[in-house]
Amino acid sequence: MTKQDILSLLKAKVGSGFIGSIEPIPDQLWVEVRPEAVIQAVEILHRQTSARYLVSVGSDERDIKKRFAVYHLFTFDKDHFFVTLDVTADPHTPKVPSITNVIAGANWSEREIRDLLGIQFPGHPDPRRLVLADDWPAEVYPLRKEFDYSRKPESHPEQAYQFKDNPPGTTVVAMGPYFPVFEEATYFRLYVEGEKVVDVDYRGFYAHRGIEKLGDQTLTYNQIPFMAERICGICGFVHNVSFCKLVEHAADIKVPRRADYIRTIMLELERIHSHALWLGVAGHIIGFDTVLMQTWRMREPIMWLCEKITGNRKTYGMNLIGGVRRDIPKALVPEIRTKISNMEKEWLAVLDAVKDDTTLRMRLEKVGILNKEGCHEWAAVGPVARAADLDMDARKDHPYCAYDAVEFKVITADSNDVWGRTVVRILETLESFKIVNQSLDALMELPEGDIITEIRQDIPAGRIAISAVEAPRGEDVHFLLTGGNNRPVRWRVRCPTYPNLPTIPDMVRGEQVADVPIIVGSIDPCFSCTERMEVVDVNSGNIRIYGQEELSRWTAR
Amino acid sequence: MIISKLKEALICFKNLRVTFPYPLKRNFEALPVEGFRGKLTIDVNKCIGCAGCANVCPSRLIVVTDRQAVRKLDFYLERCTYCGRCADVCPEKAITMTQEFETATNDVHNDMHISAEVYMGTCQRCGRCFETQTIIDRMMTVGFRN
Amino acid sequence: MNSVIKITGMLLVLLFLSPLLEGLLRKFKALVHSRIGPPLLQPYWDTLKLLGKDNVRSVHSLLGPLPAYLSLAAVLLAGLLVPVGGTSAFAGGDMILFLYMIGLASVCVMLAGMDSGSPYAFLGIAREMMTSLTVEPVLFIALITAALKTHSFRFSDMAFYQQTSGTSLSMIISGIALLLGIQAQLSKLPFDIPEAEGELMGGPFIEISGPTFSLYRWGFIIKQLIFSLILVQIFFPWTFGLSGLWAVLAQIAKILVVVLLVGLVDVVNPRLRIDQAMIYYFGVVLTALVGLVFALVGA
Amino acid sequence: MNLQTVILFSMATLFLGAAVTLLMPYSRRTIGWISLFFQTVASLGFLYTALRVLARGTFNLDKPVFQVAGLGASFLLKVDALSAIFLLVITVVSWAAGLYSIEYMKHYKESLARYYPLLLLFLLGMYGVVVVRDLFFFIVFWEFMTLTSYALVVYEWGNRTNVNAGFKYFLMTHIGTAGIIIAANTLYHYSQSFDFNALGPVMGLLMSDNPVLLHTLLLLFFLGFATKAGIFPFGDWLPDAHPAAPSPISAILSGVMIKMGIYGILRVFLGMLPVSHFSYTWGLILTIFGTLSLFIGTMTAMYQHDAKRVLAFHSIGQNGYVLLGIGAGIMLLPISPALATIAIIAGLYHLINHSTFKSLLFLTAGSLQYKTGTKDLDLMGGLGKYMPWTAACGIIAAFGISGIPPLNGFVSKWFIYHATLNGGFAVPILLLAGVVALFTSLLTMASVMVKFTGLAFFGQRTKANENVNSDVPRTMIAGQVILAVLVVLQGILVVWITKTLYAGVTGLLTPGYWPKFSSVININQGGLALNLGEGPVGFYKPLFVLLALAVLTLAVWVIWKSGGSKQKVSALWYSGEVQSPEAVRYYANSYFKTFKQHFNIRIGKYSQEGVYPNWKVPKIHKSFKLKHLLDVDDWLYRPLVYVGHKVLEVFAGTHSGFPQWYLLWMVIGAAVALFIMFMVG
């Protein structure tokens, strides 16, 4: 399906609701529709074409265009382009019809836009608060431009979150906000009958950091990569690359080929250690600590390798707009190769051992089922979707860095369960070894030193870009609307956990309590990625430090 | 099943132990590699007070205050992300990233705080500091640096 | 007088030697994890440390640490019934009393869980009870098999049986079933479902801390010794023709083997779900029953 | 004093008490005490009788008190050690229940004059059953007991479920009783006497002459008594009737009345039936039904969430234990008298234990109902803090029923295991029964210990129980404490009880058949050692165990204390959020759900939860005419209930102040029974 087909289809079906379209950069189609027609347009895209919903972005454009805007982002994976539905909302009483009834996956996006920008979505099936804290005052919208990033509104405890009522005869088993196997704060409220989970309610967004707001209001283009890297501790480089690609796209900056390869190597090293980490954590969740210890032992040389290449184990700080900061010297390549091949050997041994492990399979098989249709409905990504036999991988579908030049397979499984996700991850790691080796080959041929294109002039305002980068957990989508002052007007991060997390209730319902942690674990949730929004007072420097006495007093209480 | 368990056991036993009783005994192979970005230091003698570092720092931890002819650079390192951008952009290479990584402390405010004072010329009109013009001037003011 | 010395000695062994076994087990687990692991004496330090900590209990608690006292006392009493060197220190080692003492210990755990009023604890005790329901039969069927062969319900007699009348198929089958059952009796890994720190954060023990918790932990550690002793003394009592001190060493070596086997299974398995564990244990119960049937036909 | 006088005087006292209380329907405050006074006098009389018999030997009246010439029945009294044991059981449990009733019954709206007279007559019926030697009067008292207890079960006649439950009880036990009457008359046909002593030889005669008839008669007896004893599957009335009755009555029903079925079985199968292969066969049948009953009853209790229904199913289960012990004993009689002694002692021991701990549990459930106004365990929680005495008694009873040493349940179960497992060397099926019994003991623990006490006493107080701030009135506590003390004492005074039970058992057969007490059970240091000829097979020394547990607990306490830790109290941890007690409540249905799933029956389309049959007629399409025929509920049960209810309304509803009508009705009932007997005879 070409962009032209889409346009004609939309024009024909939507009719007068269709306003116009542009193609800002080659892989994008930008369609503006009237608010009344948005449900129809989304229905056509979602049901009649191969489009996959990505995310909805709200944007406060009252300064520029006297409007609030809502963008519904779609991707055509096999045709390698993005489609954006641009809907205008009134600047005074912003209101856009909800598309959640058409695409379940839009649930969170719309609630988030409502919370942060105050755009209402009439017809939303679950209009509870999503992002804002429990005591955040009503009608204070932190992502609007007039809201200063360091403002701290007073507490309004009456806004407390309303959970669902217990279904009769069920007990609440609270998994969270602080729960041992979830490394971050998240709250799954399980309604349990015996051991069976009858229903589940979710409350998240406990750890808001206001990263997007900072990106919009205080940081500059070349500072944001370092901030983006800190969205997530594990797939930081992905966010980093994603943002850099975004700006490079928008400003049409050509990145040196060597930098592309270096980025590819780092991305794949990150995938390797992330999957190793995940396997360990998954083992730990089901009480198999040996897996944790052993995979993390295997992971360690990779971490050292990363430190050797970039200067840090994690949060490499490698990327700048236009290229990378450090080169991989040719002398280092053999060492990388040995480390990688050692790890590959051990990884094959792990695969060999794990694949027939009955007890492990008993815990992982037929648990947390999410099939193809469910994935499409919730717009699930990454190993979750690939385990449901959906062939999607941003590396193939929207090639970036050097992925157009390396060969690899997209691993899929058709078991729809946690075991499938495990297998996909393990096999994917093997593909990553291949990619690293190919990239190293290419690196040996390219001249050393040519790793960055300096930005000579300002990034022009009003440019639009979408970038999709395949993180270990799935596809990471960044959206950018450039602005003046050397910073974006709107920078939206949709990490892979964001669409995957809302699928948990579907996966968990009817399973046993014991399965819940591993099901949640199976999407490799990254709550910090998801909860990048919200404002905290980062700039006051007023950090409270607990002395040892104070700490022991707290802990002994 | 038994076979796969044995394989797992084999993976486990092959490596015996790899951990160290860390603070008591150090693994000397596992010290930071060359190029590691640890806690930063500033060589006050090289610093020309251009404040480029403060400009690029993503976490805004470098606070520049001017008091007449003295420019004070405060590095509140408890917020440092070890990106090393300051060291990159420093024209005089006054900032370097050391290999020091054991920075846990009970007194973050004092232990993770570097303060550098640079004597600079003062603009008579706006009262702000600026770098003294010539190398001679810099040599003359060396005594004021601490 | 003799029996007083014996009882005191046994108590001392149970209380102060069993943590050593736990220490060894933890070292072994660490080896599998490629870790250094805690020092051998860590269980002692842990106990001492916990005894000195503040005792925090839930506001809903009625019984306080009472179940903990009773639990450890029951385990100790059960330990006194266990044959060492062929004889029991206390009361002739009546098997049924032993079963009920082990039962009492787990009842106390459940009482403590209910006492706390935490939903995690209630889920945990329901699991604990379900585990007991499927695992205790293994224990008592195995012991009944032994009783059937021995024609006595005294551990002292059972311990001598195989040494005097040679081994038999039924005893070996029961011994294996018991070995499989020990895993859950000791809350070791594929079957530490009631505590399941990943799901229930300790189940019945969630609201129990400090010295009270140390008593339960100690109880588990002592149980480890008790069950390996039962297994080694009654079902695999041979000393390979050794005698005197060497025989004692052989017994100790066998206990170590049992504990390490349990530890090995513990480290190479994930925690099972309660339904899977129960199906597994139905299988083990059947195995034990097969042993019983063999014993009935005289094998 | 002549024992005959004592017995008759006590019976008369009860009768008089019934009459007195009947005449004071409006004095709600004093009626209970007056009733208790009469009950106490009668109880003292029977207590004296029982203790004297136990001390001096059987009291046997050769000359009948009076005779019914036309029927060949003579009112013969005989109190042997077995009767004395039952007398003790009735006396103690009913007295505790009577004391408990005084306050408890006040919370009913119905007239108390419909309660106390019936209670006293009910006791009269039970006392009568155990002291007569004549099968005719045995049946008369039996019927008296049944009718009065029926009236007590439907005490809350305004509640339709109770009336239905009562009717089911009425119908089922009368079918059972009819069997007994037929059997009795058939035996009379041969012996021309209803005297117990005369019936034994007749059975011996029939054994060779007409074994089929004897088997039939024994079957009828068995059905009659098993129905009363609540043995699965004949005791289906029990789970409905027990919860329907007021709690003290439930306690007496479960603690005493269903034991009368066991008494009958003992009298017939042990006292009359000569030791032979018949003993073996019927012992086996009793064992099988006992085992079935104990497993299925206890298993089904796990599915209940009504406090008294849980306990009612446990009555089925625990009576199964009793029957298992007795059945195993009867079965082993021809094989090994020593083992048989142990087995029967085991059964009887469990019988007296069950009468205390189960009555206590029912009283506890009654206290909960009294305070919370509901029997539903799902609506209770955290009451232990506010009702400490009740909770303590409830937990002691739960420990007792779970067989936790050194309480009484352990001793009897210990006996049962030793009897069945040792018996298993000879008869393998006993081994299976023993294994099932051991397993069921765990099930008991699961549903009483964990579920009943866990839901009611532990955890957090729910909103439904917010008004419960204090324990029940003192007399109710006293009633519970008496039984709780007995639960403990029965676990400790094992030697005395075992000896008494031995005496009770040995009275039933020709002297000299039983092995000497000292050759079966060695007594040393206040404990027991079983001896089957090859040296002791098992020890139980309750004092030692108690002492050891106490010393060890003390030692552990010293260890616990040695750290010198501070005591602190903290709120519950819900992973960081605050939860309401209702939200986090773990419901009865949730307990052991995974385990219970394995016992769900599924045959083709038919499926049901649990092992207890529902007795439901499958739904048939309306046009199908057979449907009406098959739906017994529709054409027999409901109309009868309706009629019964109407009758009740006529008798009780319009004359609620004058329940003398009831008495009349009962007399009519008795007359009808007599008439039937006469006709058949």
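Where is P233(D) found? In this predicted model, P233(D) sits in the loop between α8 (211-229) and α9 (238-244) of chain D. Chain D has another cis peptide bond to look at, between P405(D) and P406(D), where omega is about 5 degrees. P406(D) is again a loop residue, placed between α14 (388-402) and α15 (408-426) of chain D.

Staying with chain D, the chain splits into domain 1 (3-545) and domain 2 (626-680). The C-alpha centres of these two domains of chain D are 27 Å apart. As for helix packing, α3 (residues 81-104) and α18 (residues 494-506) of chain D have axes that come within 6 Å and cross at roughly 130 degrees. That angle falls between the perpendicular range, 65 to 115 degrees, and the roughly antiparallel one, over 145, so α3(D) and α18(D) count as oblique to each other. On the α3(D) side, the contact is made by A81(D), L82(D) and I85(D), while α18(D) brings in T500(D), L501(D), A503(D) and G504(D). Sorted by type, the residues of this contact between α3(D) and α18(D) come out as five nonpolar and two polar, with no charged ones.

Next, how the chains meet. Five pairs of chains are in contact, and chains C and D share the most contacts among them. Chains B and D, on the other hand, are not joined by any contact; their closest C-alpha atoms lie 26 Å apart.

Chain B holds an open sheet of three strands, ordered β2-β3-β5 and paired antiparallel. Its edge strands are β2 (62-67) and β5 (113-119) of chain B, each of which pairs on one side only. On average, neighbouring strands in this sheet are turned by 20 degrees against each other, direction ignored. Between β3 (residues 70-76) of chain B and β5(B), which run antiparallel, there are seven bridges. L73(B), for one, has A116(B) in β5(B) as its bridge partner.

K66(A) is not a glycine, yet has a positive phi of about 55 degrees. K66(A) belongs to the loop between α3 (62-65) and β4 (67-76) of chain A, and at 61% relative accessibility this lysine counts as exposed. K93(B), also not a glycine, has a positive phi near 55 degrees. K93(B) is placed in the loop between α3 (85-89) and β4 (95-97) of chain B; with a relative accessible area of 46%, K93(B) is partly exposed.

How values were computed: Residues are numbered from 1 along each chain as its sequence is written. Chains are lettered from A and ligands numbered from 1 in the order in which they are written. This is a predicted model: local features need pLDDT of at least 70, side-chain atom pairs count only at pLDDT 80 or more; totals for chains, interfaces and linings use all residues. Side-chain values use heavy atoms; hydrogens and water are left out. Domain bounds come from an automatic or database domain assignment. Contact means heavy atoms within 4.5 Å. Two strands pair if DSSP finds at least two bridges between them. Helices (H or I, at least four residues) and strands (E, at least two) are DSSP runs, numbered from the N terminus. Axes are lines fitted to C-alpha atoms, for helices over the stretch in contact, and angles run from 0 to 180 degrees between N-to-C directions. Angles under 35 degrees count as roughly parallel, over 145 as roughly antiparallel, 65 to 115 as roughly perpendicular and the rest as oblique. Ala, Val, Leu, Ile, Met, Phe, Trp, Tyr, Cys and Pro count as nonpolar, Asp, Glu, Lys and Arg as charged, and the others, Gly among them, as polar. Buried means under 20% relative accessible area, exposed over 50%, partly exposed in between (1.4 Å probe, protein chains only).
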